[in-house]
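Subject: Structure handover

Hello,

Here is the structure for you to look through. My notes follow below it.

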Amino acid sequence: MSVHPGDIIRWQGESHQVVAIRPTYLTLRAVDGDGDDVEVLAADLRHSVEPAAPASLRSLLDLRSLQDLDARDRKIVDVWLEELARFDELVAAGVTKPAARQQIIDNVNRRLGTDYSPVKVSRQQRALDEFGVSGLLDRRRHGLADMPGRSYDERLIDAVLTVQAGQERKSTGTGTRLIWLVRRELDDRFGEGVVPMPSRATMYRLLNELDAGKHTLGTARARRTTANRPDHMHGVRSGVRPGEQVLIDTTPMEILVECDGEPVRPDLTLLLCEASRSVLSGIVTVGSRSIDLVVVLARALVPYSSRPDGVRANRRQVSEA
């Protein structure tokens with residue numbers, strides 16, 4: 001059951017009015033006015049809510065959201081209210097409805113700078129009758145549109161995720177086979193026909209939304225490679241204090257040196273502080289090995305004055321050579 005702000009519903013044996021709708025929860029207010037507003041998860045409300053009054057009882061004109069409209073939205077509301085009232089006057093004066101719609105939409109397009117067709121007049125009349133003044137604007141901005149697909153039955157979503165996870169090591173199938181597997185998964189868990197299935201087109205959209213890079217209907221190699229990926233978060237983290245994050249990298253230098261009678265390109269290994277961009281230590285070698293990384297780390301941690309005498313003697317010999 002789809003609910004909108006202003007609906008009168010029955011929940012936990014009492015009548016409440018829907019005050020606001022959020023992606024995951026709704027705010028309810030008791031009709032008798034006693035007590036504070038209560039927030040209810042959409043998932044809990046979906047299985048136990050029932051209408052307590054027809055939609056005609058919606059009191060949408062006092063929605064707090066309309067008080068926060070900017071000048072542009074307020075002008076849109078005012079223009080449509082005036083023109084729709086003029087439409088009723090034209091029809092009462094004997095003007096045919098098609099001609100009246102054309103006259104009204106010409107006035108709206110001129111005043112708002114839009115390019116609507118006459119069909120828009122009928123749509124706005126229905127929106128005004130069903131949702132009130134806020135229906136004249138984009139209903140998605142005020143929570144008046146039908147609840148999105150992510151609010152489907154959790155049992156259905158859980159079954160889809162289970163079926164998709166089971167396809168990692170299997171050959172690639174079709175969307176029809178996945179839908180059939182989801183139906184069988186639901187029947188096995190909760191009984192045949194207990195959990196309703198949406199339409200075929202809606203199921204395909206739901207499968208695509210929940211696939212999220214799993215390549216369930218893609219190539220088997222891509223699907224298995226994704227499944228073998230480590231299960232942890234990847235991201236960029238920058239150091240803001242000196243020494244908080246240090247980078248180490250090895251790159252070939254654009255020079256040639258003689259090694260055992262052959263010209264080779266030496267490797268430069270640096271330890272770089274990301275925050276200050278200062279070089280903490282470095283080493284030039286021919287063919288980097290793991291011991292070279294240890295040497296770079298040791299040089300960064302031990303000041304030159306605290307190093308053994310042999311290190312300084314070796315450095316003098318290299319300099320003289």
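In which helix does S122 lie? S122 sits in helix α4, residues 119–131. Helices here are DSSP runs of H or I with at least four residues, strands are runs of E with at least two, and both are numbered from the N terminus.

A word on the basis. This is a predicted model, in which local features need pLDDT of at least 70 and side-chain atom pairs count only at pLDDT 80 or more, while totals for chains, interfaces and linings use all residues. Residues are numbered from 1 along each chain as its sequence is written, and side-chain values use heavy atoms, with hydrogens and water left out.

Back to S122. Its relative accessible area is 17%, so S122 is buried (buried is under 20%, exposed is over 50%, partly exposed is in between; 1.4 Å probe, protein chains only). The S122 side chain makes a polar contact of 3.0 Å with the side chain of R101. Such a contact is a pair of N or O atoms within 3.5 Å; within protein, one must be able to donate a hydrogen and the other to accept it, and residues adjacent in sequence count only if both atoms are side-chain atoms.

Next, helix packing. Helix α2 (residues 71–92) packs on helix α3 (residues 97–112) at about 155°, with the axes 10 Å apart. Axes are lines fitted to C-alpha atoms, for helices over the stretch in contact, and angles run from 0 to 180 degrees between N-to-C directions. The pair is therefore roughly antiparallel (over 145 degrees; under 35 is roughly parallel, 65 to 115 roughly perpendicular, the rest oblique). Residues in the contact (heavy atoms within 4.5 Å) include W80 and F87 of α2 and R101 and I105 of α3.

Helix α5 (residues 154–165) and helix α6 (residues 175–190) pack at about 120°, axes 9 Å apart. That angle makes α5 oblique to α6. Among the contact residues are L156 and V160 of α5, and L181 and F190 of α6.

Last, two backbone points. Most residues other than glycine have a negative phi. D260 is not a glycine, yet its phi is positive, about 55°. D260 lies in the loop between β7 (257–259) and β8 (262–264). D260 is exposed, at 79% relative accessibility. R277, also not a glycine, has a positive phi of about 60°. R277 is in the loop between β9 (267–273) and β10 (279–285). R277 is exposed, at 56%.

Best wishes
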